[in-house]
Amino acid sequence: MIYMRGQRADYDHWASLGNRGWGWDDVLPVFKRSEDYQHGADEFHGTGGELRVEERRVNWEILDAWREAAAECGIPKIDEFNRGDNFGNAYFQMNQRSGRRWSATRAFLRPVLHRPNLTVMTNTEIASITFEQSDGTLRATGVRMAEEGGQTPFPGEMGSDPIISARREVVLAAGSIGSPSILQRSGIGPGDALIAAGVPVRRELPGVGENLHDHLQIRTVYGVSNTVTLNRRARTLFGKVAMALEYFLYHTGPMTMPPSQLGAFAKSDPERQTPNMEWHVQPLSLDKFGDPLHRYDAITPSVCNLKPTSRGSIRIRSPHAADAPVIALNYLSTDSDCDVAVSGLRKTREIMAASALARFAPQELKPGPEIDTEDALLDAARNLGTTIFHPVGTCKMGSDSGAVVDDRLRVHGIDALRVVDASVMPEITSGNTNAPTVMIAEKGAEFILESRRGER
Ligand SMILES: Cc1cc2nc3c(=O)[nH]c(=O)nc-3n(C[C@H](O)[C@H](O)[C@H](O)COP(=O)(O)OP(=O)(O)OC[C@H]3O[C@@H](n4cnc5c(N)ncnc54)[C@H](O)[C@@H]3O)c2cc1C
């Protein structure tokens, strides 16, 4: 739900790797084209696009104070993040319309569901890609549905044929875990991994499933007094009913919010060219995702390294779609990532100790004030760290030996096959990854139409 484009330097870096048309000046108009910005069009924002972008509809005294505290610590208050340089602190902009989540399905898919050239099949898992080979050319011809793990819907319409044929091209958009898994099951990937999984190698492409990276969020927890957090509002039946009424009557309040509403971006050391740490500040706390909120008032200022250098991989275990792949993130496996994690924890402490927050008497609960050496803080980062759900990079765009797709998102060495999702990012953007993925999809759509017209 957080709408965050990343930084100019992210895209200029992609372009500097040889990816034509992916620099900030190229992608900004694409972001604007799909946007419907609450405050109207300007140099950085667009209106009339499918993706609604609005401001938050809930306020928390403690988050307002956190903004002041961050400003005291050198992270200034700014109006918004989506202008190419994120440095500062602000409330996140959201993909919402009138307080309701404005998902990619709602924005892009539902309005065109009636089109005769579109069939949506849910609960349908794709196992692999089908190919034809002639004169040394490998061409994607369709996809094969999984027999296990996914059911074939609409048997009357689809018959019993598990193959869906493509007249022009196959476009994979199964995400950073799904797309490399489908490629590997189809025999496209690192030869050793395919052989180990029992899949015959059709085309050796060593980068498929490699270069996996993500933002690891380190979730500190601070108890607070003299204010109200979501922990308290959600604790009683009366509180829950009040939140529901507020939502249904006014489209405001906590039920309109994602857990994170306030963000901040800063550098872990001044030598860095761009901000490389992001805070997501939540007016709530819990032990882990899925657990109930704590019974006391507390907040979670979580911090993540936006430019991790640790890399992992996705590797299938077998040719069967029902067997989940091995997902190895290898978080905090480089010295520089460890340094940034410790810096993030120290900076969080500095902000929480700023005078703007003093009236709420913050008490550090996680990791706890007694944890103070470099080693202990790093251990804490490992214990408190968890994904923020931004895996990217496993079918990376480029022209080096690890690249999987070219800068028009075509899989190297194979005709009529593209990947259009977050997996094509050569390096993760400095922020949340949904808006960049929508931008990638916009560009992918352009490429598909251009190919159809025979332009490139
Ligand atoms: C809980 C959560 C919260 C998030 N919040 C935010 C946020 O607030 N802001 C933000 O910017 N980003 C957020 N993200 C990240 C964002 O959702 C992703 O960056 C984005 O969805 C990536 O898009 P994608 O198309 O690459 O992959 P996905 O959105 O994962 O889409 C891939 C699709 O392919 C399907 N699929 C996979 N394998 C197969 C197969 N074999 N056969 C058929 N279908 C298959 C999957 O079911 C899925 O529907 C969040 C992610 C999560 C999980």
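Helices (H or I, at least four residues) and strands (E, at least two residues) are taken here as DSSP runs and are numbered from the N terminus. On this basis Ala 441 is placed in helix α12. The structure is a predicted model, in which local features need pLDDT of at least 70 and side-chain atom pairs count only at pLDDT 80 or more, while totals for chains, interfaces and linings use all residues. Residues are numbered from 1 along each chain as its sequence is written.

A residue is called buried if 20 or more other C-beta atoms lie within 10 Å of its own, exposed if 12 or fewer do, and partly exposed in between, with C-beta atoms placed from the backbone. Ala 441 is buried, because 20 other C-beta atoms lie within 10 Å. The C-alpha atom of Ala 441 is separated by 13 Å from that of Trp 22, although the two residues are 419 residues apart along the chain.

In overall make-up, the protein contains 12 helices and 23 strands, and buried residues account for 45% of its 456 residues. The radius of gyration is taken over C-alpha atoms, and the globule rule used for comparison is 2.2 Å times the number of residues to the power 0.38. For 456 residues a compact globule would have a radius of gyration near 23 Å, and the protein, with 23 Å, agrees with this. Taken along the principal axes, the C-alpha atoms fill a box of roughly 75 × 50 × 45 Å. Domain bounds, which come from an automatic or database domain assignment, divide the protein into domain 1 (55-93 + 214-312 + 331-387) and domain 2 (121-212 + 392-425). The C-alpha centres of domain 1 and domain 2 lie 38 Å apart.

The ligand is surrounded by 22 residues, of which the closest are Gly 175, Gly 178, Asp 421, Asn 432 and Asn 434. Helices α6 (175-185) and α12 (434-452) each supply at least two residues of this shell, and the largest share, four residues, comes from α6.

Strands are said to pair if DSSP finds at least two bridges between them. Strand β17 (residues 277-282) is mostly covered, six of its six residues being buried. From β17, Met 277, Trp 279 and Val 281 point one way, whereas Glu 278, His 280 and Gln 282 point the other way, and all are buried. Strand β16 (residues 262-266) runs antiparallel to β17 and is joined to it by five bridges, with Ala 266 having Met 277 of β17 as its bridge partner. Strand β18 (residues 298-305) also pairs with β17 in the antiparallel sense, over six bridges, and here Val 281 stands opposite Pro 301 of β18.

A further open sheet consists of three strands in the order β8-β9-β10, with antiparallel pairing. Strands β8 (126-134) and β10 (163-165) stand at its edges with a single partner strand each, so one side of each is left without a neighbour in the sheet. Between β9 (residues 137-145) and β10, which run antiparallel, there are three bridges, and Val 143 has Ile 164 in β10 as its bridge partner.

The peptide bond from Lys 366 to Pro 367 is cis, with omega near 5°, and Pro 367 is found in the loop between β21 (363-366) and α11 (374-384). Positive phi values in residues other than glycine include that of Asn 211, near 60°, and that of Ala 361, near 45°. Asn 211 is found in the loop between β13 (203-204) and β14 (216-219), and it counts as buried because it has 26 C-beta neighbours inside 10 Å. Ala 361, by contrast, is placed in the loop between α10 (335-352) and β21, and with 12 C-beta neighbours inside 10 Å Ala 361 counts as exposed.

Technical notes:
A residue is near a molecule or strand if its C-beta atom, placed from the backbone, lies within 6 Å of it.
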